[in-house]
Amino acid sequence: MEISSVSLFSQDDISHLYTLFPEMEDWGVNNDSKKWRRKEEEYGFDELEEEKQEQKQREVDFEQEIASFDSNFKLETQTMNDYGNNMKRHYTQLGEMEQSRTKRPGASTGQQHRRLWVKDRSKDWWDQHNHPDFPDEEFRRDFRMSKATFEMICEELDSSVMKKNTMLRDAIPVRQRVAVCIWRLATGEPLRLVSKRFGLGISTCHKLVLEVCSAIKTVLMPKFLQWPGDEKLRMIKDEFESMSGIQNVSGSMYTTHVPIIAPKISVAAYFNKRHTERNQKTSYSITVQGVVDPKGVFTDVCIGWPGSMPDDQILEKSALYQRANRGLLKDVWIVGNSGHPLMDWLLVPYTRQNLTWTQHAFNEKVGEVQNVAKEAFARLKGRWSCLQKRTEVKLQDLPVVLGACCVLHNICEMRNEVIDTPTKFEIFDDEMIAENSIRSANAAQNRDKIAHNLLHHSLAGTGSL
């Protein structure tokens, strides 16, 4: 920064001051004789002499004032120049200090001095859990998965969630980012408690949860939650057949509800009448429809429809329903419950009164297949406690979070991560009989054939008879 000298008045301005006194022209040498002859004629000699003395005194006073003004002007100019020089030296020293700071050891590696104030928070809890010697059993209890599974997830998400260091602060490591998200999903703790455990700000924790969930949906969902291929589908059919005796079953379907805070718009659409009646308090929810294989791994999910919708309407909104309409579910059965309609690809139990022995036996076997999906949802909610209570996540962000929970559930199931018994969750049966329970006459005939074969080939049990 440069500061130039300030001149209050130039020499021309000082000269101009003399012209401000009009009587000075009359004091010139050429006009003095005429002036005093005129004065002598008007006044006497004594009075004229006195006036001359006064005139000379005024001239002396004026010259003294001019000299004083000039002296003050030079003094002020010198003061301003000294001030400008001091400011130059000051900013020169600041520039030299800044250059020496940026050239210090470690600056080339990005470890520059922090100039942004950051609140000092304790990270002892996370540092303890992140230590290589931390017990695996305790880590599994806290994060619902082993350290090996956690490492695998971090490696898969590394390129998607990693951030670079800046001049203001160091980026949060990938492991800590993933841990914040998984801990939040596993415990359902409020963000203020998550903030204290990991030594991060509340808004930072909220942002990390959404970022990691989005990365899980983008990176991991195509790998760990997808409709099975031909070879995998054949294995699924064999396992379901050995379980129930029903051939060509490719999946078990169930729909559950996740409680939410009353939304600001479309409140009536999310009102859950059945939960309200059971809990004796007003409840709102969104739905999660899922199809699982015999091991409880999700192969298809449909998330986010309002809690007031029945199961058959949610099914019609799903991508699974569209896939079936395009003929991609030929020669396979997906087993649903009484809230779903009977269709060419969807097998459901009998719902009318006064069932025959054959129909009772069929319902028993279909119930065994249906329990696979219900138990999978029970483990899903037991493993990720955020699904058990109303969440702080906004309604528009909730489908991404729920999808991440389903993907993480699949990873844990595929890697045989055992869930502790105390964390298991009881699923309430909220199904309602579909209004149009039979939508295909051909499907009704096939169901009767399946029920007949189960009974007469001794594949159906008699526990319900």
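Author: Terms before anything else. Helices (H or I, at least four residues) and strands (E, at least two) are DSSP runs, numbered from the N terminus. This is a predicted model, where local features need pLDDT of at least 70, side-chain atom pairs count only at pLDDT 80 or more, and totals for chains, interfaces and linings use all residues. Residues are numbered from 1 along each chain as its sequence is written, and side-chain values use heavy atoms, with hydrogens and water left out.

Reader: Fine. Where does Asp331 lie?

Author: In the loop between α14 (319–325) and β4.

Reader: Is Asp331 buried or exposed?

Author: Exposed, at 67% relative accessibility. The cut-offs: buried is under 20% relative accessible area, exposed is over 50%, and partly exposed is in between (1.4 Å probe, protein chains only).

Reader: And Arg144, what's its phi?

Author: Positive, about 65°, although Arg144 is not a glycine. Arg144 sits in the loop between α5 (136–143) and α6 (147–161). Arg144 counts as buried because its relative accessibility is 16%.

Reader: Now the sheet. What's the strand order?

Author: β3-β2-β1-β4-β5, an open sheet of five strands with mixed pairing. Strands pair if DSSP finds at least two bridges between them. The edges are β3 (298–306) and β5 (346–347), each pairing on one side only.

Reader: How do β4 and β5 pair?

Author: In the parallel sense, over two bridges; β4 covers residues 333–335. In β5, Leu347 is the bridge partner of Val335.

Reader: Which strands does α15 touch?

Author: Helix α15 (residues 357–383) packs on the sheet and touches β1, β2, β3, β4 and β5. Contact means heavy atoms within 4.5 Å. The direction of α15 makes about 45° with that of β1. Axes are lines fitted to C-alpha atoms, for helices over the stretch in contact, and angles run from 0 to 180 degrees between N-to-C directions.

Reader: Switching to cysteines. How many disulfides are there?

Author: Zero, from a search of the whole structure. The criterion is a pair of cysteine sulfur atoms within 2.5 Å.

Reader: Why does Cys386 count as buried?

Author: Because its relative accessible area is 13%. Cys302 is buried too, at 9% relative accessibility.
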